[in-house]
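Notebook open, model loaded. I want to go through the sheet strand by strand and jot down what turns up.

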Amino acid sequence: MTAIVETRDLTRRYGSTVALSHLNLSIPQGAIYGFIGPNGAGKTTTMRILTTLLLPSDGEAHVAGHSVVRERAAVRRQVGFMPDFFGVYDNMKSLEYLDFFAASYNIPQARRPKLIDGLLALVDLSHKREAEVMSLSRGMKQRLSLARTMLHDPSLLILDEPASGLDPRARVELRELLKELRNLGKTIMISSHILTELAEMCTHIGIIEHGELLASGEVAAIMRSLQPHKTFEVHLTPGEGEDLAAALAAAAALAGGQPHVLEARQLPEAEPPQLQIDFDGDDRAAGALLAQLIRSGVTVTHFAGQVSDLEEIFLRVTDGSVNGGTS
Ligand SMILES: Nc1ncnc2c1ncn2[C@@H]1O[C@H](COP(=O)(O)OP(=O)(O)OP(=O)(O)O)[C@@H](O)[C@H]1O
Ligand SMILES: [Mg+2]
């Protein structure tokens, strides 16, 4: 896959603050790229550079092969940017709002009505075309803003925290909309500080902290690299005359001695009380572990590999315990 965004040692300083440090980012064409990091990580700074609103201090960035420093006009034709802040446009209808921006993109008047109707339909706002922008809900304003970023038919959409402040239903709608845009051939870069917000809708993710990229790549590959072992969750029923805590302790001791078991934890307080086994073997080895538990008289009622959730991975990465952290 060709990269539509490519940065090399991209660095940005504000006075003595280093907002971005030697960022090497590569976003493949057609990806939905989730750019994730805590407050102040450098997400907006990166996005503003990629949209030519801000110049880098050092390093390079290219969008669709054009330099964001030397070929700004060409970059702007390729990019639609939705900032995290929605400006106030009093006394303007949705239709007028889009028409105003279409005019500023030099889109001929004759072409505008059809274009605008199509975009309003795409973001599901046709019924609000005559409504004042001010009167729209936050989620509707976000969608209108998204329609605006698409007026000049850019190949790359850069959306800064589009999901913030949306209710769960609006988030689902946003997710569906992004999928639709991807089907239209757009590449989408989207930022958030909440990993789970992006996990399902992204094909790739990059994790940034203190201006440094800690991890970047396909969602599945990142999950694999950050999660070298599986965790099995085991529920069991105590034998006659035995209480659950004792059964858990006995099973934990037994599991702890088996091959490929890294750690066996008893969680009597969990709901339901359970055993968690960190395991680095394959499926055959997992089957052997289960068979061994059963042979030893443990009544196993549930035995399942857990997929550790993305939020957990994010916290693990950003607290510096993976990839040497931020140093
Ligand atoms: N105009 C500015 N002047 C000085 N420092 C700035 C400016 N803009 C950003 N910074 C600093 O650069 C760093 C990165 O900021 P940036 O806005 O890119 O982070 P972010 O990841 O978008 O954060 P958030 O999740 O809060 O939006 C921060 O330390 C911030 O204080
Ligand atoms: Mg920001």
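I call a residue buried if 20 or more other C-beta atoms lie within 10 Å of its own, exposed if 12 or fewer, and partly exposed in between, with C-beta atoms placed from the backbone. Helices (H or I, at least four residues) and strands (E, at least two) are DSSP runs, numbered from the N terminus.

Housekeeping: this is a predicted model, where local features need pLDDT of at least 70, side-chain atom pairs count only at pLDDT 80 or more, and totals for chains, interfaces and linings use all residues. Residues are numbered from 1 along each chain as its sequence is written, while chains are lettered from A and ligands numbered from 1 in the order in which they are written.

Entry one, β10. I checked residues 204–209 and six of the six are buried, so the strand is largely enclosed by the rest of the structure. H204, G206 and I208 cover one face, and I205, I207 and E209 the other.

Entry two, its neighbours. I count strands as paired if DSSP finds at least two bridges between them. β4 (residues 32–36) runs parallel to β10 through four bridges, with F35 opposite G206. β11 (residues 212–218) is antiparallel to β10, with six bridges, and H204 partners E218 there. Two residues separate β10 and β11 in a hairpin, and H210 in the turn has a positive phi of about 50 degrees.

I read the order as β7-β8-β9-β4-β10-β11, an open sheet of six strands with mixed pairing. β7 (79–82) and β11 are at the edges with a single partner strand each, so one side of each lacks a neighbour in the sheet.
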